[in-house]
Amino acid sequence: MSTSPMPVSEARRFQQLRGHLSYLKLNDAAEALNWVLDQARTERMSLTAALERLLEIEVEATEARRLAARERFACLPEPWTLSDFDFAAQPGVDEKLIRDLATLRFLDDASNVLFVGPPGVGKTMLSVALGRAAVEAGNRVYFTTAADLAARCHKAALEGRWKTCMNFFAGPKLLIIDELGYLPLPEDGASALFQVINQRYLKSSTILTTNVGIADWATAFGDATVAAAMLDRLLHRAAVAGIDGPSYRLRGHQRQAETIRAGVNARVS
């Protein structure tokens, strides 16, 4: 930091400029003002370059705050990204399809994604990874399980907040509904799920993970009419990723156990 004294007029002008920035709520720029002015003096930056650097600091800080807010809202259960997924360990996954989905073009078309397969094959991890990519691209995302969604809708109906609840689930650019079919839905659960999907139909995208094959939805959800209507809307514009490979989660646990065993053996020897 420069230690040379400023002329009184320059000192007053500096305080006024800092005050203007604070008044406009450009707080990060206000904090960085002294540093940027010193840098401009040292590097003989033009007025335009110094101003651009000052505003760049504010923009970067604003973007970081907005990203953090989107991450909090999304409620993603893990910090997984697509780079964390080992495609070689799960041959049942169509890597080309997943890479295409990672471009997020499906959000522009309000298309849906269905991950179908038994427990542990990587459905949730892939859905979370796509959700994180969407968050980082500036989209509002929300993650929930099918059971939690049904319970929340049921409670909202009892408390007279049904419309508010439906508006909430209609809002995100991407809604991720995990674990459909893992737990039995309450009596009105399938109907609530249908209404959420129906109001998002052709407007915004939904990723849904399920262990129930599409042909078995009518039996699994107890209402053939609702199941058929739900599938009609989900599949109108959708990518379906059926995963029938080995348990991705079990492989991960085995790899971790092998690492621990190797460490123990190394200490013993």
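Predicted model: local features only at pLDDT ≥ 70, side-chain atom pairs only at ≥ 80, totals over all residues.
User: How do you know where the buried residues of H7 lie around its axis?

Analyst: Start with the list: Ala-146, Leu-149, Ala-150, Cys-153 and Ala-156 are buried. Buried means under 20% relative accessible area, exposed over 50%, and partly exposed in between, using a 1.4 Å probe and protein chains only. Their arc, taken from the directions from the helix axis to the C-beta atoms, stays within 130°, so they line one face of H7. They pack against S2, H8, S3 and H9. After the helix comes Gly-160, with a positive phi near 75°.

User: Why are the buried residues of H8 said to be on the same side?

Analyst: In H8 (residues 162–170), Cys-165, Met-166 and Phe-169 are buried. They cover an arc of only 95° around the axis, and that puts them on the same side of H8. Lys-163 and Thr-164 are exposed on the other side. The buried residues pack against S2, H7 (146–158), S3 (174–180) and H9 (189–200).

User: Why is Asn-139 called buried?

Analyst: The relative accessible area of Asn-139 is 18%, which is under the cut-off, so the word applies. Asn-139 is in the loop between H6 (123–136) and S2 (141–145). Leaving aside residues up to four places away in sequence, Asn-139 touches Arg-70, Leu-104, Leu-107, Ala-134 and Lys-173. A contact means heavy atoms within 4.5 Å.

User: How do you know that the length of H2 agrees with its 17 residues?

Analyst: Residues 27–43 should span 24 Å, and the end C-alpha atoms of H2 are 24 Å apart, which agrees. H2 also has a kink of about 50° centred on Leu-33; such a bend is the angle between axes fitted to the seven residues ending at a residue and the seven starting there. Leu-33 is itself one of the buried residues of H2.

User: What makes a group of residues a nonpolar core, and how many residues has the largest one?

Analyst: The members must be buried Ala, Val, Leu, Ile, Met, Phe, Trp, Tyr or Cys residues joined through side-chain atoms within 4.5 Å. The largest such set has 29 residues, and those with the most contacts inside it include Phe-106 and Ile-207. H6 gives the most to this core, with 7 residues. Not counting residues up to four places away in sequence, Phe-106 touches Leu-101, Ser-111, Val-113, Leu-174, Ser-205 and Ile-207. A second, separate core of 28 residues includes Val-116, Leu-149, Cys-153 and Ala-156.

User: How many helices and strands does the chain have, and what share of its residues is buried?

Analyst: The chain has 12 helices and 5 strands, and 38% of its 269 residues are buried.

Conventions. Residues numbered from 1 in each chain as written. Heavy atoms only, no water. Helix = DSSP H or I, 4+ residues; strand = E, 2+ residues; numbered from the N terminus. Expected span 1.5 Å × (residues − 1).
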